[in-house]
Amino acid sequence: MNAHRTLFGWLQATPLALVMIAFLVAPIVMIVIVSFWGATEFSIYPAFQFDNYQFLFGSPVTYKVFLATFKYAAVTWALTLLIGFTVAYFLAFHVRSQTMQIALFLLCTIPFWTSNIIRMISWIPFLGRNGIANTALQNWGLIDEPLEWLLYSDFSVILAFVHLYTLFMVVPIFNTMMRIDRSLLEAARDNGASGAQILRHVIIPLTKPGIMIGTIFVVTLVMGDFVTVRFMSGSQSANVGRLISNDIALLQYPSAAATAVVLLATVLIIIAVLLRFVNIRKEL
Amino acid sequence: MEQRPRSFYVLAAIFVLFVLFLYGPTVTIGILSFQGPQGGLTFPMNGVSLHWFADLFEQQAVGDIWGAFRRSLALGLMVMVTTVVVSVMAGLAFRKRFAGSAVLFYLAITSLVIPSILISLGVGLIFQQLGLKVHWATSGFGSQLTWTLPFGLLIMFAVFNRFDRSYEEAARDQGATAWQTIQYVVLPIIAPSLIGVALFGFTLSYDEFARTLLTSGSYNTLPLEIFGMTTNVTTPVIYALGTLTTLFSLAIIGVFLATVWALGKRRARMGSDAGKGV
């Protein structure tokens, strides 16, 4: 009976395992292999050389770009956490009717199901030289000349990241908050805790798993991004993802693969550290 | 009802600002897509017209966007069905302990956090070295599954964490086989969540860009087509396209939500036969 059940379990897991092996494990193995290959201007050839890594670690550009990537991730993380926590807190503890809670929660999540590229494009009329922001600021007499740094700058990159990814903080944090036993809050209040004290000593500690899951999403999405940085910076800023995609565009696959291996290692180390703080399966 | 604290109004204001921040830009390009024929990418409106929507039907203005739309739609449906079936099976598997379950779980997590461009690059390289042609329905399809399946699996974990096993025990006690239990007890109970998985599967595929970049071959999906347009189209036609596809996404979301709601209604009406003597 037991052997039969094990077999049944394996059969049910097989399709997922096959997809993961064919389209996740195999591509990673392939990238690792190709990262040791050589390249001419037109083609790549099998080899076992460390040239790609030597070049990568020998170039000051690499360190600059990795630093920029960490900077994007850190700033976006801080902003999405601040906004996401506030929004989730409002929804979970200040909205009283459940129907209203669901409706407002859906309102927050719907943009997640629409196209990221369109949502990036839609910042152009706001931030452009003659865009809404500049026109408004000039009309109010706050500035004389249009601000040039609104669009195609680090500012617009971060703005787009926050716009696209705050949702990934709101949803897990809201989910954990809804599972907090309300009688704990009452107990704290009965013992004379102020609202701020309840937030700091009861809600925030109990919300940590949600914060961790949100952090995993936001950090990995920003670390692996290449489209947002390219589009919102007008190709003026770089992150690791763009380094890879530029190499791909030049058909320098081995060099792209080496950068990809280093990026993947970085992301996995970060995630491994974060996973020590949360049991994802239990928290869903 | 007790009085609202002052913090409520501050937080409510922040929430309203957040919603404006989320939707404002999209609404703006919605308005700007009705620019007059001479209008530009920013305000002021230079007249009001459907000119740019009409342009979407002209091959010269926008390329093969309708072909791209059809491909994205077909791919989205393929990914949706596969995601639902594979996620449910895997979700059921993970309820039992089986050798290798931890490995498979961490693979799914890796699949979720891996930078998308790596999937694109790796799958592209494999197909290239094997001498196979990349195509949206083969390499593109598989690459997108690495993004939708982890979501589906996580939803299934959430579903089964809340699932009351006594229903299954009751079915088994009454002599149902393992398969009958799944078919008549488990699946009907989790059906509304499966609609959620389907929504994730379809929309994540329909909007996916990075994982299809190097794996879709010579026929572009819609997001790839739109991204191509951002570099060479400088008229509001791109807003018109953005508005249409956003409306399409909203319609899809609406259909899914309506289905969940209808299922809930039906269940409330027919769920219990207590006291009816059947």
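**Figure 1. Helix H11 of chain B, its span and its buried residues.** In this predicted model, H11(B) comprises 34 residues and extends 49 Å from its first C-alpha to its last, which is close to the 50 Å expected at 1.5 Å a residue. Buried residues of H11(B) include B:Val237, B:Ile238, B:Tyr239, B:Ala240, B:Leu241, B:Gly242 and B:Thr243, and B:Thr245, B:Thr246 and B:Ser249 of this helix are buried as well.

**Figure 2. The side of chain B that touches chain A.** Between the two chains, 68 residues of chain B are in contact with 68 residues of chain A. At least two residues of this side of chain B come from each of helix H1 (6-32), helix H4 (65-93), helix H5 (101-113), helix H6 (116-130), helix H7 (136-161), helix H9 (178-207), helix H10 (222-232) and helix H11 (237-270). The most is given by H1(B), with 15 residues, and by residue type the side of chain B that touches chain A divides into 48 nonpolar, 18 polar and two charged.

**Figure 3. Chain A as a setting for the views that follow.** Chain A holds 15 helices and two strands, and its C-alpha trace spans about 80 × 70 × 30 Å along the principal axes. Of its 284 residues, 43% count as buried, and among contacts in chain A between residues at least 6 apart in sequence, 70% join residues at least 24 apart.

**Figure 4. Two loop residues of chain A with positive phi.** Most residues other than glycine have a negative phi. A:Ser235, although not a glycine, has a positive phi of about 60°, and this residue is found in the loop between helix H12 (227-232) and helix H13 (240-249) of chain A. Because 13 other C-beta atoms lie within 10 Å of its own, A:Ser235 is partly exposed. A:Leu251, likewise not a glycine, has a positive phi of about 65° and is found in the loop between H13 and helix H14 (253-275) of chain A. A:Leu251 counts as partly exposed because it has 14 C-beta neighbours inside 10 Å.

**Figure 5. A:Lys282 in helix H15 of chain A.** A:Lys282 has its place in helix H15 (residues 280-283) of chain A. With 9 other C-beta atoms within 10 Å, where 12 or fewer is the criterion, A:Lys282 is therefore exposed. From C-alpha to C-alpha, A:Lys282 and A:Ser245 are 37 Å apart in space, and they are 37 residues apart in sequence.

Conventions
Residues numbered from 1 in each chain as written. Chains lettered and ligands numbered in written order. Predicted model: local features only at pLDDT ≥ 70, side-chain atom pairs only at ≥ 80, totals over all residues. Contact = placed C-beta atoms within 7 Å. Helix = DSSP H or I, 4+ residues; strand = E, 2+ residues; numbered from the N terminus. Nonpolar A, V, L, I, M, F, W, Y, C, P; charged D, E, K, R; others polar. Buried ≥ 20, exposed ≤ 12 C-beta atoms within 10 Å, placed from the backbone. Expected span 1.5 Å × (residues − 1).
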